[in-house]
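Reader: Please show me the model first. I will then ask about it one point at a time.

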Amino acid sequence: MILQFKENEVEKEVARLTKEYDIVRLVDPEECHAFTIGEDNSYEYGPSCYSVWRSTNRCRNCTSLRALKTGMELRKTEVKDGDLYFITSRPIEILRADDTTFSCVIEMIHIERGKGMKRDGHHAVLQDGFDKRAFAETLRMAMQNLPTGVIWFDTEQHCIYANSEAFRLFEVPDDLQELEAILTNWFQEDALRSPEAAVWLQQYERAGARPHSRFAAIRSTMGRGQRSACTS
């Protein structure tokens with residue numbers, strides 16, 4: 001059920017949530033701007049919503065826009081310049097004085113400065129002279145039986161590997177092209193294109209299939225530009 005607030009109640013709710021988060025703001029995802037409500041109940045639009053994590057363009061498949069359209073509270077993580085931004089998008093309706101409603105989102109953001117970069121200086125190392133093909137086959141066999149779905153993408157964002165659990169979770173046959181088509185629509189394109197790790201929560205439903213519970217999707221960079229995704 002979507003929460004409803006009168007115009008004079010919204011700022012109180014924002015102030016209450018500000019005690020728990022670093023940033024709390026009202027966002028109009030369709031206009032892609034944060035806004036405030038003035039004392040005369042006027043709507044004053046501020047900066048682009050994505051500017052908070054120093055991005056220069058609108059997020060593709062925006063989490064707040066999806067929250068608005070689905071009526072579901074959604075979460076994701078943005079990584080920018082070494083900082084982690086944990087964003088919760090909560091859809092709400094504002095009851096106006098003229099008895100109309102305005103649908104928007106309350107974004108609640110927790111920031112961890114400097115936590116989005118590796119500091120230990122360690123790297124994965126494969127022993128010199130070890131057969132890389134044998135290693136790749138060993139890794140594939142190990143991932144095949146994981147209880148978590150694993151999908152790999154190449155630098156062109158094509159799906160190059162998926163284990164059996166990934167096919168089961170998405171209810172598709174052992175067909176990488178069909179799985180890639182589903183993932184292209186489901187995953188956030190910004191997260192797939194970014195060279196940094198990203199974590200987000202969202203729900204996946206396929207037409208004609210039973211609804212799935214919410215998935216946690218994790219994408220991290222791999223060697224030579226390859227990317228992996230895990231779902232559970």
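Reader: In which strand is the place of Glu93?

Author: This is a predicted model: local features need a pLDDT of at least 70, side-chain atom pairs count only at pLDDT 80 or more, and totals for chains, interfaces and linings use all residues. Residues are numbered from 1 along each chain as its sequence is written, and side-chain values use heavy atoms, with hydrogens and water left out. Helices (H or I, at least four residues) and strands (E, at least two) are DSSP runs, numbered from the N terminus. On that numbering, Glu93 belongs to strand β6.

Reader: Which side chain of opposite charge is nearest to Glu93?

Author: Glu93 is buried (under 20% relative accessible area with a 1.4 Å probe, protein chains only; exposed is over 50%, partly exposed in between). Its contacts (heavy atoms within 4.5 Å), not counting residues up to four places away in sequence, are Ile2, Leu3, Gln4, Phe5, Phe102 and Ser103. Glu93 has no salt bridge (a side-chain nitrogen of Lys or Arg within 4 Å of a carboxyl oxygen of Asp or Glu). Lys and Arg count as positive, Asp and Glu as negative, and His and the chain ends are not counted; the nearest side chain of opposite charge, 11 Å away, is Arg96.

Reader: How far from Glu7 is the nearest side chain of opposite charge?

Author: Glu7 lies in helix α1, residues 7–18, and is likewise buried without a salt bridge. Leaving aside neighbours within four places in sequence, its contacts include Ile37, Tyr43 and Arg96.

Reader: With which side chain does the side chain of Glu7 make a polar contact?

Author: A polar contact is a pair of N or O atoms within 3.5 Å; within protein, one must be able to donate a hydrogen and the other to accept it, and residues adjacent in sequence count only if both atoms are side-chain atoms. At 3.3 Å, the partner of the Glu7 side chain is that of Asn41.

Reader: How many bridges join β6 to β7?

Author: Two strands pair if DSSP finds at least two bridges between them. Strand β7 (residues 101–112) also pairs with β2 (residues 23–28), antiparallel over five bridges, with Arg25 opposite Glu107. Strand β6 (residues 83–95) runs antiparallel to β7, and Arg90 has Ile106 as its bridge partner. The bridges from β6 to β7 number twelve.

Reader: What does the protein average in pLDDT?

Author: pLDDT is the predictor's confidence in each residue, from 0 to 100. In this protein 75% of the residues score at least 70, and the average is 78.
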